[in-house]
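Please look at the sequence and the structure shown below, and then work through the questions that follow.

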Amino acid sequence: PDIVDPARNAALKEETRRDLVVVRLSGPLFFGAATRIAWVLERIGEYSRTVILDLSAVPLVDADAAGSLETFLAKVRRRGASAYVTGTSPLVRAELE
């Protein structure tokens, strides 16, 4: 996924002035929650042109949850919208890459 710092990315700021949804997840994301997370994210981001996932309050992500996030981001992009991930810790970033 594109992992960005929106405060440093002028293009992202410009792009997200209209039709933006920011989703802030918190707590560890594990196997048991992966399906539910994907379902909720798909409903939240269904009509937005730009989706930003803020993972700054997520200390851990397992492979199942990372896969769910990747699937969601791919679906958003397939319908022509932009999707970004921000606020990842080094541990979470490593699981997502």
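**Contacts and a charged pair**

D54 touches V22, V23, R24, L25, T86 and G87, leaving aside residues up to four places away in sequence, where contact means heavy atoms within 4.5 Å. This is a predicted model, in which local features need pLDDT of at least 70 and side-chain atom pairs count only at pLDDT 80 or more, while totals for chains, interfaces and linings use all residues. Residues are numbered from 1 along each chain as its sequence is written, and side-chain values use heavy atoms, with hydrogens and water left out.

Q: With which residue does R24 form a salt bridge?
A: Side chains of opposite charge can pair when their charged atoms come close. A salt bridge is a side-chain nitrogen of Lys or Arg within 4 Å of a carboxyl oxygen of Asp or Glu. The closest N and O atoms of the pair are 3.5 Å apart, and the partner of R24 is D54.

Q: How many residues apart in sequence are the parts that R24 and D54 tie together?
A: Strands are DSSP runs of E with at least two residues, and helices are runs of H or I with at least four, numbered from the N terminus. R24 lies in strand β1 (residues 20–26) and D54 in strand β2 (residues 50–57), so the parts tied together are apart in sequence by 30 residues.

Q: Is D54 buried or exposed?
A: Buried means under 20% relative accessible area, exposed over 50%, and partly exposed in between, with a 1.4 Å probe and protein chains only. R24, at 63%, counts as exposed. D54, with a relative accessible area of 14%, is buried.
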